[in-house]
Amino acid sequence: MAKRPAEESEDQEASLKAGDRPANTGNGAEAGPFEDEFEDEFESEDEILEAGVDGRPDEEREAEEKRDAMDVDQKPFIPGRDKLAAGESLSPDTSTYDLLHNLTTTWPCLSFDIVPDQLGANRKAYPATLYAVAGTQAESRKANQNELMVMKLSGLSRMDRRRDEGESDDDDDDDEEENADPILETKSISLPSTTNRIRARQYPPQNASRTPIIHAATMLENSDVLIHDVTPYLTSFDNPGTMITPQQSKPIATLKMHRTEGYALDWSPLVPQGKLLTGDNDGKIFITTCTEGAKWTPDNRPFTGHQSSVEDIQWSPNERNVFASASSDGTVKVWDVRSKSHKPAVSVQVSGTDVNVISWSGQTTHLLATGADDGQWAVWDLRQWKDPTSASQSKPVASFDFHKEQITSIEWHPADDSIIAVAAGDNTLTLWDLAVELDVEESKDAADVQGVPPQLLFVHYMEMVKECHWHPQIPGCVMATGGGGFGVFKTISV
């Protein structure tokens, strides 16, 4: 509100300057009482309230603030949905992570697997340590540089929230070990081609004093399947000076039954001596079994039924003769290895596009998750598939289209049958809780986040993420591989 000058008297020749007293007019009359020039700036208490905190009406000030805020995007940024503008980059909110580390390698890896270790189950202490195997994807002109990498990741410390919150670091000396720097140690085995898929299998030791044997199977771009004993490499990390002979670097089996490359590979969790499933781009599935004398023998007669490439394959977690396969023909098929016809027992059209990945729940064994090329992932109740006739008409018990690019990996939490991790071509890895139901009151507060299901717990950004796995011995810990290397994280929400 503008200031109003005091009214001048008729005989006053000029306005008074601030702080001056009226001059004597010389007629002998006394000057009137001193008047504060700001005394009548506001006439009433009501007028003061109207003026607001900065001398302007609240409505005027709020309108200006609203105009100034128009250039600021108030909408939540959702990775995978919203696009970054030129020059922009994403930075993680570290307060939402218990653990967050990124590690780079010489060549990217399409596939990896976490190796079980002897450090204990249900580990919660920091810094964390884990072991893994991975296969590289070198440039075509440098294919001879491809490797099977055996890795040890140690010094994986907890996020230091005290620094983020500006708190004192008086206890830094006590936490020095917990806040150690991450270390990536690798041992390499030369491979002749890119690894499309790799899976590790632990065999119990023959006696308690010996280390469990770890076999790694790799499915290569040249269609070969190699099996390596990586136990000496893992042992060498914790036993300095361990010598690895040239013979130990060679595969213990080289399988050549496939005529085309493939991406489907899985070890049976229920056959102690070792049984391996592999599927290729011709739609053929082979079983290889370790027989007497540690000889690996493939079944020369494949399982057939898919009309296109087999994209993923997985053994049942509780039935040793049953497995499921996913194909680019849009179907998921369930097989019984005892079938003499080598044909599927059940076939269900689950998508109009490629079915890229599947995951069989180890906790609730009648649940199977699928991820397709159109970005949709779903959960199916296999009890509805027992009758082949009705199976073709079955619907998923849950289905989500949050991702707008192809699903590249999907995996159930190893200890919680409602939690699932999903990786997609939109550079995101999402965590979901299927036990969450929509709350009407809470949904009102989330009105500005349209199209986000209440079951979505977390969105982790990772460029070109290809595969993700939960660590079976570190609750809530996820490891993933992408175009920029490996990421290991644990959120506060799982």
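Is Phe 303 buried or exposed in this structure? Phe 303 is buried, with a relative accessible area of 1%, where buried means under 20% relative accessible area, exposed means over 50%, and partly exposed lies in between, using a 1.4 Å probe and protein chains only.

Before I go on, please keep in mind that this is a predicted model, in which local features need pLDDT of at least 70 and side-chain atom pairs count only at pLDDT 80 or more, while totals for chains, interfaces and linings use all residues. Residues are numbered from 1 along each chain as its sequence is written, and side-chain values use heavy atoms, with hydrogens and water left out.

Let me turn to the aromatic rings. The structure holds 14 aromatic pairs, and here rings of Phe, Tyr and Trp (its six-membered ring) pair if their centres lie within 6.5 Å, with planes under 30 degrees apart counted as stacked, over 60 as edge-to-face and the rest as tilted. One of these pairs joins Phe 112 and Phe 486, which are edge-to-face at 5.8 Å centre to centre, with 85° between the planes. This pair links distant parts of the chain, since Phe 112 lies in strand β2 (residues 109-115) and Phe 486 in strand β28 (residues 485-491), 374 residues apart; strands are DSSP runs (E, at least two residues), numbered from the N terminus. Both Phe 112 and Phe 486 are buried.

Coming back to Phe 303, its ring and that of Phe 323 have centres 5.7 Å apart and planes at 90°, so this pair is edge-to-face as well. Phe 323 is buried too, with a relative accessible area of 0%, and ring pairs link Phe 303, Trp 315, Phe 323 and Trp 335 into a cluster.

Finally, I would like to describe the largest pocket, which has a volume of about 1500 Å³, a volume being the space filled by probe spheres set on grid points that are joined across faces, edges and corners. A pocket is found on a 1 Å grid over the protein atoms alone, as an open set of points where a 1.4 Å probe fits, with protein on both sides within 12 Å along at least five of seven lines, and lining residues have an atom within 4 Å of a point. Of the 50 residues that line the largest pocket, the closest to its centre are Arg 199, Asp 266, Gln 314, Glu 411 and His 469. Several strands each supply at least two residues of this lining, among them β2, β6 (195-203) and β10 (264-267).

Technical notes. Helices (H or I, at least four residues) and strands (E, at least two) are DSSP runs, numbered from the N terminus.
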